[in-house]
Amino acid sequence: MLEPMGQKVLLSSKEIHIILHRLACQLLENHLDFKDTVLIGLQPRGTFVAQRLKKILKEEYRVKHIDVGFLDITFYRDDFRRGDKTLSATQTKIDFLVEDKKVVLIDDVLYTGRSIRAALTAIQSFGRPSEIELLTLIDRRFSRHLPIQPNYRGRQVDAINDEKVKVMWEENDGKDVIYLIGR
Amino acid sequence: MGELSVQHLLGIKYLNKKDIQLIFETADHFKEVINRSIKKVPSLRDITIANIFFENSTRTKLSFELAEKRLSADVINFSASQSSVKKGETLIDTVNNILSMKVDMVVMRHPNPGAGIFLSKHVGASIINAGDGAHEHPTQALLDSYSIREKLGGVEGKNVVIVGDILHSRVALSNIFALKLQGANVKVCGPKTLLPKHIESLGVGVETNLRKALDWCDVANMLRIQNERLDISYFPTTREYTQQFGVNKALLDSLDKEIVIMHPGPINRGVEITSDVADSKQSIILGQVENGVAIRMAVIYLLASKIK
């Protein structure tokens, strides 16, 4: 398939499919019936991963009920007033308490770790979880600003700082594919 | 989403439609935040805000202070009655002294129209007008429109009547600007003596018959008679005013539709509206107060993002 200049396919639709199934199995291994576990997708793009995982777990592994919420971290970010643009929020939708629950934070790309730091603070507004884990589809190695590592990772990538990882979803962008975009 | 076109919120007159849209969308998120069990976000932890009130206020002052605290800003409060203003200090000196203590934003209420605009030209902080004389009260108008949007799904094309003392009301003027900007149809209603001359030039209709106004409208915003600003008699007696321009349950029930009743507070129960109307299902008065915090958080957040 021809791709635009400077853009390389990191994961194809089929690879994404396989990886999501593996991640679902790993979650299942640790959380079984998801009775005390909730999945929290980080806005804006971690929500797609969370919803896909929920779908796989329910349809293919017969998990009866999984709580999935969406968390927006805009108001918890540490770069307020540090860029030129106003930080715009998106919807938070968590209609259950996370008190004493095992929370799995879910994002598409783990890069500096700052979003996760903000999410760790933000989730406290909804209670005190008994445990927090991190699942990420793409883990950009060697680019962390904070001591944060995922418990579940889809694919580890060595990308240099100028490069960008772009995750596209069928329901939002027309197809499942992950690109590595160069300078 | 983008950013506000202004550095200060001095009046609705200086905003555009996109600004209002952005404030409402941001307020939606803050409304969700203030309904959590932990109602606070850390966004503004490095911002200090001074609330400077040269005129009395309960609701607005509390609402601003709460909004600032929910955003984790540091807050200092100042009221003119307990200050050096009494000793002859000028407005600019007062504010500059406060700003020397490294304050980033000033929320000000002042009895003189244009006080906020004047201040914004002379000091370096971001200014939010919390009411300047009979001129503007922008956050009140924003929360009023936001409440209409929430209740009726939108503001555009809705018929809104503002009833009462239009002449002395900053709420009326800001509401007219905000509603017109969003495409609502606006009428004012009250005794002729309390309607400013040439108010039609703002694009609003004038109605002196309350019944006709209520028949026409989807929303009635009831204003209080501002006795403290009435230097002469504008109507014979309060009782006569109530008979002509007060809304009661019988009047509401006689309309062939259910209209929304709003009031910016403070209410003079039994004068502009009766208690059973104020506490009825049609009234969204307490919803307005809740929305006030979310709207003020949005305004403060968006203006603070522009402080470098």
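**Figure 1. Pairing of strands S3 and S4 in chain B of the predicted model.** Strand S3 of chain B, residues 105–110, is joined to S4(B) by five bridges, and the two strands run parallel. Within this pair, B:Met105 has B:Ser126 of S4(B) as its bridge partner. The coordinates come from a predicted model. For chain B the average pLDDT is 93, and 98% of the residues score at least 70.

Figure 2. Four strands of chain B, in the order S2-S1-S3-S4, form an open sheet with parallel pairing.

**Figure 3. Packing of helices H2 and H11 in chain B.** H2(B) packs with helix H11 of chain B (residues 285–304) at an angle of about 55°, and their axes are 8 Å apart. At this angle H2(B) is oblique to H11(B). The crossing of the two helices, H2(B) and H11(B), is right-handed. From H2(B), the residues that meet H11(B) are B:Arg59, B:Ser63, B:Phe64, B:Leu66, B:Ala67, B:Glu68 and B:Arg70. Their counterparts in H11(B) are B:Val289, B:Gly292, B:Val293, B:Arg296, B:Met297 and B:Ile300. Sorted by class, the contact of H2(B) with H11(B) has seven nonpolar, two polar and four charged residues.

**Figure 4. Packing of helices H5 and H11 in chain B.** Helix H5 of chain B (residues 138–152) and H11(B) pack at an angle of about 120°, with 8 Å between their axes. H5(B) passes H11(B) in a right-handed crossing. H5(B) contributes B:Thr139, B:Leu142, B:Leu143, B:Asp144, B:Tyr146, B:Ser147 and B:Glu150 to the contact. H11(B) contributes B:Gly287, B:Gln288, B:Asn291, B:Gly292, B:Ile295, B:Arg296 and B:Val299. The residues of the contact of H5(B) with H11(B) comprise five nonpolar, six polar and three charged.

**Figure 5. Cis peptide bonds in chains A and B.** In chain A, the peptide bond from A:Gln43 to A:Pro44 is cis, with omega near 0°. A:Pro44 is located in the loop between strand S2 (37–42) and helix H2 (46–61) of chain A. In chain B, B:Gly265 and B:Pro266 are joined by a cis peptide bond whose omega is about -10°. The loop that holds B:Pro266 runs between strand S9 (260–262) and helix H10 (275–278) of chain B.

**Figure 6. A positive phi at A:Asp100.** Although A:Asp100 is not a glycine, its phi is positive, at about 60°. This residue, A:Asp100, lies in the loop between strand S3 (67–71) and strand S4 (102–110) of chain A.

**Figure 7. The contact between chains A and B.** Chain A supplies 15 residues to the contact and chain B supplies 15 residues. On the side of chain A that touches chain B, the classes are six nonpolar, six polar and three charged residues. The predictor assigns the complex an ipTM of 0.81 and a pTM of 0.90.

Technical notes:
Residues are numbered from 1 along each chain as its sequence is written. Chains are lettered from A and ligands numbered from 1 in the order in which they are written. This is a predicted model: local features need pLDDT of at least 70, side-chain atom pairs count only at pLDDT 80 or more; totals for chains, interfaces and linings use all residues. Two residues are in contact if their C-beta atoms, placed from the backbone, lie within 7 Å. Ala, Val, Leu, Ile, Met, Phe, Trp, Tyr, Cys and Pro count as nonpolar, Asp, Glu, Lys and Arg as charged, and the others, Gly among them, as polar. Two strands pair if DSSP finds at least two bridges between them. pLDDT is the predictor's confidence in each residue, from 0 to 100. Axes are lines fitted to C-alpha atoms, for helices over the stretch in contact, and angles run from 0 to 180 degrees between N-to-C directions. Angles under 35 degrees count as roughly parallel, over 145 as roughly antiparallel, 65 to 115 as roughly perpendicular and the rest as oblique. A crossing is left-handed if the near helix is turned anticlockwise from the far one by less than a right angle, and right-handed if clockwise.
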